[in-house]
Protein chains: 2
Amino acid sequence: MKRKVFFLSDSTGMTAENLGRSLLVQFPQIQFESVTKPFVDTPEKAQRIAAEINKEAHETAARPIVIDTIIDQEVSKVIEKSSCFYIDVFSTFLSPLEAELGVRSAHNVGHPAIFKEDSRTVDQAYMQRIDAVHFALANDDGMHLHRYAEADIILIGVSRTGKTPTSVYLGMQYGIKAANYPLIPDDLETRKLPAALADHQRKLFGLTIRAGRLSEIRHERKPNSHYANLRTCVDEIRQAETLYRQYRVPYIDTTQLSIEEIAARMLQRAGIERRVASL
Amino acid sequence: MKRKVFFLSDSTGMTAENLGRSLLVQFPQIQFESVTKPFVDTPEKAQRIAAEINKEAHETAARPIVIDTIIDQEVSKVIEKSSCFYIDVFSTFLSPLEAELGVRSAHNVGHPAIFKEDSRTVDQAYMQRIDAVHFALANDDGMHLHRYAEADIILIGVSRTGKTPTSVYLGMQYGIKAANYPLIPDDLETRKLPAALADHQRKLFGLTIRAGRLSEIRHERKPNSHYANLRTCVDEIRQAETLYRQYRVPYIDTTQLSIEEIAARMLQRAGIERRVASL
């Protein structure tokens, strides 16, 4: 039997989803089915969702789990009254925080613009992120080599190790300018760092992956090609890793990692600070 | 006086940051300074961070706020003993969830691979996201028009309204294939939908922005250009919005929104479901 889960938010729903996900994977015995409801910011919208929750509870005889990150108590109390197992994330932590900080939270006095600092800071962060994403796109796959001087980090690796999504994610999430350069067989056979990278050795970060996994990924793209052949993958990866060690390029195995994990581990290893402040 | 905040995680730290941020912006009277410590997955690493926390508490005479999303209690109890105001996110919610679900959480019995479902699902989600990010890049700024048939959504708007980062984010976060097409002055003067878009009218979603803001953003890129001139921005936006209304293209004002908010609102309005399941 599936247990229904509602992630509720007055913003994008990201916090409710991330937190809820981390909690619920702790119960692998149970199969959950989730739905995210973003921008629940009026009692009327909450009323419609409460009706959905009640319907689900009635039909399945198991009350849904609700992970609620709505700030406005007038809205969230509508949800609380529905037939659900209710986790009110903000209320749980705000009272103890108020006591610790010795001030009341804005929680009680209105509807603050959450996730927003003063508009100047937000503007700068927005610009920085946008610029960094555009940078990742413009410096994807070895194009525009002349902008490497501007890069915070340059990802290298054989085709389909995750360079492009990681570069873009570094820009999007951290405001970091990440270029990337594909190590193609011609590069690898020279057993030398490609000339374009020689001046930027300290910015390099290598990606690697298990050959079997790479072969699978490449087969999805070009089935039964020489490119996807396991032997090809084994050779390319071995040559790339030899290169990394030879030039002391730090590298990371992406086989078991999500894009978020690759990016976070890379920054930690490279000692690079985020450009966009988290707070 | 600044109050120090530690976001601790055994994974990327995203959940701790998002949740902590949402809580702390409720206290605009207080200035916080945050640091994120990802991959805290051994008691030894926790010990080093506990020492940092104690040092900070000692030097500033105000104990730091700690938002802890570490699953392994052996690790988190090291933090708990340090001189901090301690929010243990998982422990707070896991016990009530155990009672509701009638089973014990994996919390107590080891160290599960959080954020991972079974490996097949993860693989598929990874592929889907990677493909969608590559799609966004390949279909950025009106290139490769022939792949519009494959797109889930096509973003249109004048230069610098946020099309590119939003397209990439839709791929990254939701696995949705988003193309984008810039409305350049030549397009706008015809007062018609560009020919390349005519066959895909139902997939279109417009972006708009306040002219003053657009002018600021464009000045950052090309200072004192005709392109950045306020008058130019006013005209382009007016023409674009007229076009949206004429062809009944849904559109969104991005002036006050983060990339995450633009993406989430867009999907809600367009009724598009995420391709990558959140749970």
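Predicted model: local features only at pLDDT ≥ 70, side-chain atom pairs only at ≥ 80, totals over all residues.
Chain B contributes 87 residues to the contact, and chain A contributes 87 residues.

Salt bridges were identified both over the whole structure and between the two chains. The search over all chains gives 30 salt bridges. Between chain B and chain A the count is eight. One salt bridge is formed by the side chains of A:Arg3 and B:Glu100, with an N to O distance of 2.4 Å. A:Arg3 belongs to strand S1 (residues 2-8) of chain A and B:Glu100 to helix H4 of chain B, so this pair joins two chains. A:Glu100 is in a salt bridge with B:Arg63, where the closest N and O atoms are 2.6 Å apart.

Polar contacts were also counted across the interface of chain B and chain A, giving 12 residue pairs with both residues at pLDDT 80 or more. On the side of chain B that touches chain A, helix H4 (residues 89-101) of chain B gives the most, with 10 residues. This side of chain B comprises 46 nonpolar, 20 polar and 21 charged residues.

Within chain A, the packing of two helices was examined. The axes of helix H6 (residues 163-174) and helix H11 (residues 259-270) of chain A come within 9 Å and cross at roughly 75°. Angles of 65 to 115 degrees count as roughly perpendicular, and H6(A) and H11(A) are therefore roughly perpendicular to each other. From H6(A), the contact is made by A:Pro165, A:Thr166, A:Tyr169, A:Leu170 and A:Tyr174. The residues from H11(A) are A:Ile259, A:Glu260, A:Ile262, A:Ala263, A:Ala264, A:Met266 and A:Leu267. By class, the residues of this contact of H6(A) with H11(A) are 10 nonpolar, one polar and one charged.

Terms used: Residues numbered from 1 in each chain as written. Chains lettered and ligands numbered in written order. Heavy atoms only, no water. Axes fitted to C-alpha atoms, helices over the stretch in contact; angles between N-to-C directions. Helix = DSSP H or I, 4+ residues; strand = E, 2+ residues; numbered from the N terminus. Parallel < 35°, antiparallel > 145°, perpendicular 65-115°, else oblique. Contact = heavy atoms within 4.5 Å. Nonpolar A, V, L, I, M, F, W, Y, C, P; charged D, E, K, R; others polar. Salt bridge = Lys/Arg side-chain N within 4 Å of Asp/Glu carboxyl O. Polar contact = N/O pair within 3.5 Å; in protein donor to acceptor, adjacent residues only side chain to side chain.
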